[in-house]
Amino acid sequence: MTEQKQTYDPATIEPKWQRFWAENKVFRAKNPGDADFDPEQPKFYALDMFPYPSAAGLHVGHPEGYTATDIVSRYKRATGHNVLHPMGWDAFGLPAEQYAIQTNTHPAKATARNIETFRRQLQTLGFSYDWEREFGTCDPDYFKWTQWIFKVLHQRGLAYESDAPVWWCEALGTVLANDEVINGRSERGDHPCERRPLRQWMLKITAYAERLLQDLDGLDWSESLKTMQREWIGRSEGAEIEFDVDGHDARLRVFTTRPDTLFGASFMVLAPEHELVDAITTSEQRQAVADYVKAAAAKSELERTDLAKDKSGVFTGAYAHNPLFAEGDPKGRIPIWIADYVIVSYGTGAIMAVPAGDERDFEFARKFGIAIPGIFAPVTEDKERDARIAAGEQCCTDEAPYAEHCRTPDGRIALAGMTQADAKRTVIDWLVAEGRGEAKVTYKLRDWLFSRQRYWGEPFPVLHTVDGVELVADEDLPVTLPDMQDFKPGGQPESPLIRATDWVETTDRQGRPAKREINTMPGAAGSSWYFLRFCDPHNQDEFCSKAASDYWLPVDLYVGGTEHAVGHLLYSRFWTKVLHDAGHVSVVEPFHKLYNQGMIQAFAYQDSRGAIVPVAQTRIEGDGVVHAETGEKLTQTVTKMSKRYGNVVNPDDVVREYGADTLRLYEMYMGPLADAKPWNPKDVPGVHRFLQRAWRLCVPEFAEKGTVHAWLRADRAGDVEIEKRLHRTIHKVTGDIERMAFNTAIAAMMIFVNEATKAIDKLSRDQVLRFVQLLNPFAPHLSEELWQRLGGEGSLSYAPWPTWDEAMLVDDEVELAVQVLGKVRARVRVANNAPKDEVLAAARAAAAKWLAGKRVVKEVVVPNKLVNFVAK
RNA sequence: GCGGGGGUGGCGAAAUGGCAGACGCAGCGGCCUUAAAAGCCGCGGACCGGGAACGGUCGUGCGGGUUCGAGUCCCGCCCCCCGCACCA
């Protein structure tokens, strides 16, 4: 045998192990019912937010979360868990279709190609997915069940057609859901959107608002994410109150969170779109009101809500009557206005305005000269403020004592001296007794707009016949898309499917003529239950067997970006609850622990005006970066990766140059998973060097092919100091994986390799094997290779996780800092856990120089850490 | 405006109220080499004592406080990021 150079070469070992894992189905997860299934084994379900396979291919942001779940998955396998770690494709939806239109390819073709690319890229990164469970949401085998779930929703009264105004995006040629529209513009593409009344399918997620809110409490999610969902659901408790309208039979209903301030209601405001506006407007005001309504309708959502603009409004000429005052009492006669600060779709679209207790109402009353009756009598240090509030010259939104006059003549309501909570209850009780109102809870959450006017989505399992809507029978699912050559949106708010006449015109089971629903489902349909299908992906009879979902759910760890905080995560929770209510799954929440990874950013360079200069137009000069043309010195800043700035990093390039293990390790070493952090190309070689050092710990530079250092070929006792360091490393890495602190786990392994390199010939085979196991979740290819070369048994992927001995974590002797008045003046070495007086004696001697001539008033001893003398 | 998270060397970052800056990058010095790369060993917050050893002072956005001791806890302020934003 000849000796040859044995350098760490990821290009050969990575494909080798990827092939090994695939051929031996190493990462196959066992389901209940499988021959080798062990019901005693604990399970662990680690899920990534599956990607949207775009034409751009994988971005370095994808592997960040994927590596984190892969580390945890591999760790859980090593600690005896049956691990479900699947991957698939969120493959229906707008971007694929937009791309297809631009390049004139069929979206099915473009999507299939993009999936190929994504799969290839992910496979080169060595993730331990069970690829046998892979599917895309556009597979008929999958969307058959998406359609089936729609039927469940429909049968339970949770899917309905509506003509209410919805967001229409002209540029995208479709309607969009609330969470897809930000400040009146589309989330994708940033196109303007407008409200239009269109027939649409809606899902009644509002029926689940309270449960979606309540069940957040038991989830292991970040507080900020829970807060986002709580705000989106937007629960508020209050009352609905009915007001009589002078000269009309109709009663106006308002929602308020402050029924206790009813005494201060001095006007009412209706949204311009409120249905009673027309009926109550007087002839003198008709023109002004009509103009205002027209102007409000023409305003974009941005103009109406985004600006901190002046309040506007118009008097309708009508008056309402405050139910607290006797009929005819002029104090109860309040003008009715319309104004666009009241939103038609929230509450009842009308408010009672209490300028004394609400800043918006106060501002409005001031501007239009409406009375501001004071209703509070605060008694604080600030006498001037108290007086202004009492006189109705200042608004008071804090809890404050009620004025004496907040009472009805019969004494049934007398708020003075009551807390706000008691006052609310008193007023509500009175309203209920009088048949004038009731306690009421309102939510900001709206029903889910569930249809799109596009081609590339799940068809609805719906037929329209003369008798109305008919659901397609289960046996006839899936309803597949017709193969169309021209799938572009038609320019009118109708799906391109309308042109597939042969498909649209059909018959129902009785042979009666029927038209297919031409809208398709939104992208979020398929992603609202994919975590269920992963449990049982090949089931032909059910969407997922109860046995499989009972075993695997909930997802133990779900990792992804924050951008899905209110859309996907809320929809998935909703569908899970519906399927639970229908008896199909046992859990009420799909994702137990959710972790949001931070964004991977990039460095960019900006000129003196703060403008970003694309990387291609910069040049390194001295120790700085300058503009290639002007020579201006540029300052470094951090941005999102962007094609425009030329600072996008392609994971393929990193794999080619350094290997997948380096990419994985670098992404985990950059900083805490949850933080946003910039990609620094200069740091990548650092972790690569660490892997090379780990390699050299085992493999001599020149050797017979496949061999390790001579001293590692046979068993022998390892060095005690190395052994201690190893136990510490095992302890640290184990704890850090548990708390998802991968950056510090890697630092601990670096320390071990540095120490071990210095005493390389004292290492034992057994020590190196344990270290390689620790490294495995992070750098699986390198560690499998070393494990094999060292003669480890079987595949490293199921080798039991190494353990540590607590006794090995402590030293016999420790060094203590000796402080005088909190300043470190000396150090002493004493026995571990030495008695206090021994420690003090040693410390006193060491600090004698600083204690001379002083009186020690206090001695603080922190065992094995430090001694502090307080001396005067 | 409201809610949440932050601000630590030249850069990414560590640090149960107990020696701030572990680990990595960039930088500097040395070994090896004809030379370079790679590798290996070491130094590395700032300032002062003319340089080293050594010693001193200051230092975790700013100002106060609690404590023997504060990056960490409390109060006030400044700045940055994320979310919500006329939701009654």
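**Entry 1. The second largest pocket**

I looked up the lining of the second largest pocket in this predicted model and found that 21 residues form the lining. Phe603, Tyr605, Val625, Gln636 and Pro681 are the lining residues that lie nearest the centre of the pocket. I then noted the volume of the second largest pocket, which is about 530 Å³.

Next I asked which strands each supply at least two residues of this lining. They are β25 (600-606), β27 (618-621), β28 (624-627) and β29 (633-640).

I turned to strand β23, which covers residues 557-560. How do its residues point, and are they buried or exposed? Leu557 and Val559 point one way, Tyr558 and Gly560 point the other way, and all are buried. I recalled that side chains in a regular strand alternate between the two faces of the sheet.

I then looked up the strands that pair with β23. Strand β2 (residues 43-48) runs parallel to β23 and is joined to it by 3 bridges. Within this pairing, tyrosine 558 of β23 is the bridge partner of leucine 47. Strand β24 (residues 594-596) also pairs with β23 in the parallel sense, over 3 bridges. Here valine 559 stands opposite tyrosine 595 of β24.

Finally, I followed the chain from β23 to β24 and found that it passes through helix α18 (residues 568-581). I recorded this β-α-β crossover as right-handed.

How values were computed:
Residues numbered from 1 in each chain as written. Chains lettered and ligands numbered in written order. Predicted model: local features only at pLDDT ≥ 70, side-chain atom pairs only at ≥ 80, totals over all residues. Heavy atoms only, no water. Buried < 20%, exposed > 50% of the residue type's maximum accessible area, 1.4 Å probe, protein only. Helix = DSSP H or I, 4+ residues; strand = E, 2+ residues; numbered from the N terminus. Pairing = 2+ DSSP bridges. Right-handed = clockwise from strand over helix to strand, strands pointing away. 1 Å grid on protein atoms, 1.4 Å probe; cavity = no way out; pocket = protein on both sides within 12 Å on 5 of 7 lines; lining within 4 Å. Points joined across faces, edges and corners; volume = space filled by probe spheres on them.
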